[in-house]
Amino acid sequence: MPNLIHIVYVSFSRNQLSELELDELLSEIRPKNLAKGVTGLLLYNDEIFIQVIEGESDTIHDLYNRLQKDKRHTNIVKILEERIDQRSFPNWSMGYQKLSKEDSKDLPGFTDVMSSNDIRERLKQSSQAIVDLIVKFMKYT
């Protein structure tokens, strides 16, 4: 039986990314993820990323360690890391959706965790809210 885990984290882009830059980023990471057996979801909203990466434990830990050193984003906060029995995104080398603030407001169950003055603490306390957001995102998109 595979030793699967997922990690959910939030980070901040160093710069506002254009649609073209996001497409280029996805074009770069999807083949790498496919080759390494990494699946997941990337949400982007006004310079803020929420990402789920899932796969073999060693592979995901290695990837997360590389992501922490990636200069394209900063202030990485790990929300959740846990073992999983099966993948939530088995066919997605990296599912992606750009959400505007207006789009986010229409997503059932959305809470703007990014508006807090103490964002790190609020995010750590909001792991279930993040998971719920992702589940609702999958259901409604």
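The largest pocket is lined by 26 residues, and L25, I29, L67, D70 and R72 are the ones nearest its centre. A pocket here is an open set of points on a 1 Å grid over the protein atoms alone, where a 1.4 Å probe fits, with protein on both sides within 12 Å along at least five of seven lines; lining residues have an atom within 4 Å of a point. This is a predicted model, where local features need pLDDT of at least 70 and side-chain atom pairs count only at pLDDT 80 or more, while totals for chains, interfaces and linings use all residues. Residues are numbered from 1 along each chain as its sequence is written, and side-chain values use heavy atoms, with hydrogens and water left out.

The elements giving two or more residues to that lining are β1 (4–13), α1 (19–36), β3 (48–56) and α2 (57–69). Helices are DSSP runs of H or I with at least four residues, strands are runs of E with at least two, and numbering starts at the N terminus. Helix α1 has the largest share, 8 residues. The pocket holds about 550 Å³, a volume being the space filled by probe spheres set on points joined across faces, edges and corners.

Next, the salt bridges. The count is 4, the rule being a side-chain nitrogen of Lys or Arg within 4 Å of a carboxyl oxygen of Asp or Glu. D70 and R72, both among the residues nearest the pocket centre, pair at 2.8 Å, N to O. Is D70 buried or exposed? D70 counts as buried at 19% relative accessibility, and R72 as partly exposed at 41%. The cut-offs are under 20% relative accessible area for buried, over 50% for exposed, and partly exposed in between, with a 1.4 Å probe and protein chains only.

K32 bridges to E28, with the closest N and O atoms 3.5 Å apart. These two sit 4 residues apart in helix α1, so about one helical turn separates them. K32 is partly exposed at 48%, as is E28 at 35%. K78 and E81 also pair, at 2.6 Å from N to O. Shared partners join E28, K32, D70 and R72 into one network.

Last, the cores. A nonpolar core is a set of buried Ala, Val, Leu, Ile, Met, Phe, Trp, Tyr and Cys residues joined through side-chain atoms within 4.5 Å. The largest has 11 residues, including V8, L41, I50, V77 and F89. Strands β1, β2 (39–45), β3 and β4 (73–83) each supply at least two of its residues. A second, separate core has 10 residues, among them I7, I53, I60 and I76.
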